[in-house]
Structures are given as structure tokens and as C-alpha cells.
Amino acid sequence: MRQNEPLPHRGQDPWGAFGYLVAGVGLYGGLGWLGDHYFRTSFLVPVGILLGFALSLYLIFKRYGHHEPKDDQ
């Protein structure tokens, strides 16, 4: 990015969405790994990864989703 270019607005930054996905999968996958280690199971890592992915998508759509303005007529 050049120095004279303006910074991207909140809804124009694809790396923010990517960061949400990586953080959600990493955090909840890690919590699933800890749960598997503590409870001696083997299913919590995939559950954590899927839950983290789903919650990340929810946050992405909530933050970056397009909302049409309502007409007051």
C-alpha cells in the first residue's frame, strides 16, 4: 500500500475476516485439544474446530455483512 492511499474501511478488509477464521479455529480447536487431553477422549478436537469455524463465520457475517437501509415511508 502506498503512503498516499487511504486506509481501507472496516468492511473492505479481507484480512480481518481471515483473522477471525484462523483465530476461531485455533482457539476452539485448542480448547478441544485440552478437553481431549483432560477427559481422555478423541472427539473434542474436531468438535472444537467446527464450532470455532461456525462461530467465526457468524462473527464475520455480523461484522462485515451488508445491511440495506430501511425506507421510512
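Directly after helix 1 comes Arg40, with a positive phi near 55°. The model is a predicted one, and the angle is a computed value. Arg40 is a residue other than glycine with a positive phi. In general, most residues other than glycine have a negative phi. Arg40 sits in the loop that lies between helix 1 and helix 2. Its side of the accessibility scale is clear: because its relative accessibility is 76% and the cut-off for exposed is over 50%, Arg40 counts as exposed.

**Secondary structure**

The protein chain contains 2 helices and 0 strands. Helix 1 covers residues 14-39, and helix 2 covers 44-64. Does the length of helix 1 agree or disagree with its residue count? At 1.5 Å a residue, its 26 residues should span 38 Å, and the end C-alpha atoms are 37 Å apart, so the two agree.

The unreviewed UniProt entry lists residues 12-31 and 43-61 under "transmembrane region". In the model, residues 43-61 are 95% helix and 0% strand. The end C-alpha atoms of that span are 28 Å apart.

| Segment | Distance between end C-alpha atoms |
|---|---|
| Helix 1 (residues 14-39) | 37 Å |
| Residues 43-61 | 28 Å |

**Packing**

Which residues of helix 1 are buried? They are Gly16, Ala17, Gly24, Gly29, Gly32, Gly35 and Asp36. These buried residues pack against helix 2. Over the protein chain, 15% of the 73 residues count as buried. Among contacts with a separation of 6 or more, 59% are between residues 24 or more positions apart.

**Surface**

The accessible surface of the protein chain is about 6,600 Å². Carbon and sulfur atoms account for 63% of that surface. Leu27, Leu31, Trp33 and Leu34 make a nonpolar surface patch of about 440 Å². One of these residues, Leu31, lies in helix 1. The UniProt entry, which is unreviewed, lists 12-31 as one of its "transmembrane region" spans, and Leu31 is in the patch.

Conventions: Residues are numbered from 1 along each chain as its sequence is written. This is a predicted model: local features need pLDDT of at least 70, side-chain atom pairs count only at pLDDT 80 or more; totals for chains, interfaces and linings use all residues. Side-chain values use heavy atoms; hydrogens and water are left out. Patches are made of residues with over 30% relative accessible area and no salt bridge: like charges are joined within 9 Å, nonpolar side chains (Val, Leu, Ile, Met, Phe, Trp, Tyr) within 5 Å. Accessible areas come from the Shrake-Rupley method with a 1.4 Å probe; for residues, only the protein chains shown count as cover. A salt bridge is a side-chain nitrogen of Lys or Arg within 4 Å of a carboxyl oxygen of Asp or Glu. Helices (H or I, at least four residues) and strands (E, at least two) are DSSP runs, numbered from the N terminus. UniProt positions are given in the numbering used here, feature names are shortened, and annotations may be inferred rather than shown by experiment. Buried means under 20% relative accessible area, exposed over 50%, partly exposed in between (1.4 Å probe, protein chains only). Contact means heavy atoms within 4.5 Å. The expected span of a helix is 1.5 Å times one less than its number of residues.
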